[in-house]
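Here is a short note to read beside the model. Please keep the structure open while going through the points.

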2 protein chains.
Amino acid sequence: MAAATNGPSPGRLASVYSEVQTSRLHHALPLPSVLCSSFSLVDGPPSSATGNPDEIAKLFPSLFGQPSAALVPATEAAEVKPLKVGVVLSGGQAPGGHNVICGIFDFLQDRAKGSTVYGFKGGPAGLMKCKYVELNTDFVYPYRNQGGFDMICSGRDKIETPEQFKQAEDTANKLELDGLVVIGGDDSNTNACLIAEYFRAKNLKTRVIGCPKTIDGDLKCKEVPTSFGFDTACKIYSEMIGNVMTDARSSGKYYHFVRLMGRAASHITLECALQTHPNIALIGEEVAAKKQTLKSVTDYITDVICKRSELGYNYGVILIPEGLIDFIPEVQKLIAELNEILAHDTVDEAGVWKNKLELESKKLFEILPPSIQEQLMLERDPHGNVQVAKIETEKMLIDMVETELGKRKSEGKYKGNFIGQSHFLGEYEGRCGLPTNFDASYCYALGYGAGALLQFGKTGLISSVGNLAAPVAEWSVGGTALTSLMDVERRHGKFKPVIKKAMVELDGAPFKKFASLRDEWAIMNRYISPGPIQFIGSGSDAVNHTLLLELGVQA
Amino acid sequence: MAAATNGPSPGRLASVYSEVQTSRLHHALPLPSVLCSSFSLVDGPPSSATGNPDEIAKLFPSLFGQPSAALVPATEAAEVKPLKVGVVLSGGQAPGGHNVICGIFDFLQDRAKGSTVYGFKGGPAGLMKCKYVELNTDFVYPYRNQGGFDMICSGRDKIETPEQFKQAEDTANKLELDGLVVIGGDDSNTNACLIAEYFRAKNLKTRVIGCPKTIDGDLKCKEVPTSFGFDTACKIYSEMIGNVMTDARSSGKYYHFVRLMGRAASHITLECALQTHPNIALIGEEVAAKKQTLKSVTDYITDVICKRSELGYNYGVILIPEGLIDFIPEVQKLIAELNEILAHDTVDEAGVWKNKLELESKKLFEILPPSIQEQLMLERDPHGNVQVAKIETEKMLIDMVETELGKRKSEGKYKGNFIGQSHFLGEYEGRCGLPTNFDASYCYALGYGAGALLQFGKTGLISSVGNLAAPVAEWSVGGTALTSLMDVERRHGKFKPVIKKAMVELDGAPFKKFASLRDEWAIMNRYISPGPIQFIGSGSDAVNHTLLLELGVQA
């Protein structure tokens with residue numbers, strides 16, 4: 001254990017570091033070769049939008065249609081002038097966030113001497129309130145390759161009202177910002193683009209660049225093959241799944257139902273499935289596409305359990321995305337009806353209120369385990385909506401499978417024994433891990449590249465690092481027009497720009513690979529135990545073996 | 001990813017291995033230097049028992065008083081004859097079990113050519129039913145340094161009745177066993193000693209050696225400084241705690257209540273606390289010694305939260321041993337009364353039944369959160385006892401702290417915000433991890449040493465590897481009389497031998513170190529994030545930094 005170097009500021013400098021943390025401080029980060037010598041910027045063709053380009057054009061009159069830009073080697077270095085750059089962390093943590101900031105800082109130190117970097121504290125609120133810390137070498141040092149967002153902390157505020165935009169403008173003017181980098185998810189990058197548009201319209205010199213962050217992996221497009229943090233989080237979860245698989249095989253008597261993060265999309269479940277080969281992995285997007293019912297999902301699991309039992313395996317591992325029941329149409333319908341009833345009617349103990357449900361919803365409600373019925377009735381958010389995220393889907397499925405197996409047993413169709421064990425691999429364990437070598441390098445390149453985009457005066461782009469399945473030296477670096485990722489949604493009678501969450505593509509290579517193997521995984525035991533994340537030696541420099549690599553091949 | 005080598009048997013040979021698993025297959029294990037050349041065995045003084053030596057002497061007439069034995073370097077190799085040795089895994093998994101078997105196998109291959117090793121399948125039941133697999137190089141290979149117990153699987157049966165002892169005898173005779181190694185926890189080692197005594201009394205040639213296994217770390221004594229699996233499990237849990245700490249510091253708004261394994265003793269909580277420096281860690285043994293009440297535990301937590309709030313920290317991390325409420329005298333009393341009432345009386349909805357509780361128990365019951373009251377009423381084991389282990393202590397404490405903070409807030413004594421987040425770092429995630437370098441080497445030495453003890457004709461000993469805080473070369477190897485670890489308990493009017501679980505010693509160096517630092521940890525943020533287990537490079541060869549090392553210094 002060694003304390004980090006002393007310096008003028010509090011925070012990590014006062015911390016005690018573990019051996020591994022200390023060794024990570026000294027881990028030298030490779031840069032894509034294009035960032036290692038002189039480069040220039042090449043624009044691509046004009047861009048459009050993901051949907052409703054006319055509306056996006058109206059919402060972003062200055063920025064719409066911007067080309068994407070790519071860094072290419074140049075014989076002469078670009079003109080260097082010092083920049084003043086602000087950086088904001090927005091939303092939930094993801095492993096690698098500190099390295100994005102280090103990348104920006106190092107770019108400016110290396111390539112634009114005399115530059116200043118301001119870290120806005122506590123997310124967008126720091127920008128609005130002009131609360132910041134000026135970064136220097138000693139301050140940044142102890143956060144290199146470390147998890148968390150505590151260098152400047154994050155926040156969930158958004159810059160939405162005219163007053164808030166004015167506040168951001170005032171800060172930009174006061175600090176004479178040449179650039180602002182917003183590190184965040186889909187909402188934060190949408191917000192970054194609105195700020196870019198506003199600053200441009202106001203003729204401010206401040207350019208705005210976004211960076212793709214989310215462990216859920218649902219912020220991506222062709223030019224942004226993944227969001228940072230996804231790799232580390234999936235590897236943390238996959239280690240645990242691998243351990244649980246070893247347990248299943250060793251004790252031979254448990255079915256482990258493992259709920260994973262991913263409310264909107266099932267990328268984490270798919271990636272973890274490809275890394276570990278569970279007997280079953282439910283993919284929300286498929287459940288929705290096939291309009292599966294809770295009964296058909298239950299039957300699918302039960303069928304596998306029965307087949308395995310005949311082969312002598314009364315154990316297994318099943319992966320479930322957190323958002324599963326959101327994908328089941330009949331459950332969505334039931335919840336919508338419940339929201340209405342609970343908002344307007346009194347609920348009688350005898351259950352007469354249930355007659356207000358439509359027949360199919362009533363039937364569905366009645367096959368749910370009592371504990372889940374109770375959760376549906378009790379847990380509501382401030383808007384009176386049922387909090388689907390709080391429902392313990394893995395426990396619900398264990399209950400329902402158990403009931404179905406009991407039925408089949410009494411019919412003589414199942415002779416095995418079933419013990420379900422529930423697991424929830426939570427957000428907090430995954431989002432603050434030490435970043436893998438991949439996330440550490442990827443984030444550093446994202447930050448370094450964001451600095452380069454600002455140097456060339458770009459705005460309204462998201463930092464884009466591609467060709468990620470290749471060695472770091474071969475990674476491409478550039479920026480993608482944020483407006484090109486956008487579509488509109490109609491809210492309160494107005495069009496709002498949104499970066500749509502990227503869902504698991506059922507005709508994409510990763511899902512197709514999973515689908516081609518899952519019947520074998522269901523019956524045979526093809527478990528893989530990835531083990532703990534390694535920082536040197538075997539496995540340490542593996543990009544995701546599967547999902548990213550295959551996406552890379554596809555692209 | 002590479003498949004393991006092919007061979008004649010199923011099991012792991014059909015598995016797909018991750019890069020890290022494959023690299024672990026090739027990890028060469030160091031041996032203590034005494035095992036690297038010729039050695040002989042030196043007996044110590046006669047032994048006694050931990051308690052009631054007279055009764056232990058009656059229960060183990062052949063074995064009582066045996067000396068412990070230590071391997072020492074010798075100029076000439078001991079006489080070599082081939083041995084037939086059986087091995088049994090007993091009870092729950094712990095990382096490293098496979099390496100104990102590999103150690104036995106390699107010892108016999110290296111030192112007693114022509115030997116045979118039988119792996120009894122599914123634990124003691126395999127011994128009784130003579131269900132076994134004969135181990136060979138190819139069969140053993142894919143399990144080297146791997147987690148789990150699936151090479152031969154484990155079981156929880158005990159050899160207790162005269163018929164069962166006879167079955168074990170028949171197997172020993174049928175296979176002409178010279179030795180039997182029982183790998184297990186306190187109960188399994190007690191059972192091993194009973195079998196050793198029985199075989200000796202029956203003049204069988206079969207010697208019996210135990211090996212200390214349990215992730216809970218509560219099987220240990222002076223000569224057995226730790227049980228295997230404890231190191232790996234604590235490091236897996238500590239990684240997660242470190243991540244949660246980084247999250248607490250980054251988001252600045254959550255109190256994470258983390259429940260850890262350890263029903264009988266709080267070793268895991270203490271070790272994880274020493275590795276990570278949480279704001280609070282509750283140690284069951286201290287709670288019991290101080291006769292703390294649930295209220296006083298709640299107040300202690302609440303006081304720290306209030307103090308931290310005044311310093312501007314509305315976040316923190318609190319570690320809780322699974323068995324906490326078992327250590328609180330008033331809770332034990334309440335549960336005993338509930339067991340009685342629930343067994344004999346009907347429980348009325350109106351709650352009149354509560355008047356059958358003694359006044360203090362009734363008061364305690366009424367301050368419990370409703371969900372916990374419900375769990376106490378509902379969850380009972382087949383004997384009608386409340387299942388304390390199923391109570392979600394971390395959620396209970398969050399509820400109780402929240403209530404107390406609300407009270408203080410209304411009195412103007414607390415101005416902060418409190419959001420509790422519950423975590424349970426479960427058994428399955430910890431007990432089947434890939435063993436650390438420490439557990440891999442320790443287990444290998446335990447197994448190799450067990451082989452040596454059998455070569456010298458020893459029986460009724462537990463394989464003992466000491467001086468563990470030193471480099472592997474300097475570890476001591478020998479055997480400790482199992483009877484010396486024993487005491488008796490009175491059950492059904494008879495004395496039964498038991499190896500008492502080792503509790504956290506409140507006057508031991510590890511607890512004293514913790515106690516001397518915890519006030520600082522409570523208020524300051526001294527979090528350490530150990531990161532994922534590393535197999536090479538920084539941190540990979542660290543024995544536990546704290547607990548074991550200090551015990552080593554003490555010894």
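**Notes on the predicted model**

1. In chain B, helix α11 (residues 294-310) packs against helix α18 (residues 509-523) at an angle of about 50°, and their axes lie 9 Å apart. Axes are lines fitted to C-alpha atoms, for helices over the stretch in contact, and angles run from 0 to 180 degrees between N-to-C directions. α11(B) and α18(B) are therefore oblique to each other. Angles under 35 degrees count as roughly parallel, over 145 as roughly antiparallel, 65 to 115 as roughly perpendicular, and the rest as oblique. Helices (H or I, at least four residues) and strands (E, at least two) are DSSP runs, numbered from the N terminus.

2. Which residues of α11(B) meet α18(B)? They are B:Tyr300, B:Val304, B:Lys307 and B:Arg308, and they face B:Arg518, B:Trp521, B:Ala522 and B:Ile523.

3. Residues are numbered from 1 along each chain as its sequence is written, chains are lettered from A and ligands numbered from 1 in the order written, and side-chain values use heavy atoms, leaving out hydrogens and water.

4. Now the interface. Chain B and chain A each give 57 residues to the contact (heavy atoms within 4.5 Å). The area buried between them is about 4700 Å², with 55% from carbon and sulfur atoms. Buried area is the accessible area (1.4 Å probe) that two parts lose on being put together, summed over both. B:Ser250, B:Tyr428 and B:Glu429 supply 14% of the area that chain B buries against chain A, more than any other three residues.

5. Four salt bridges are counted between chain B and chain A (a side-chain nitrogen of Lys or Arg within 4 Å of a carboxyl oxygen of Asp or Glu). In one salt bridge, B:Asp247 meets A:Arg431 (2.5 Å, N to O).

How values were computed. Predicted model: local features only at pLDDT ≥ 70, side-chain atom pairs only at ≥ 80, totals over all residues.
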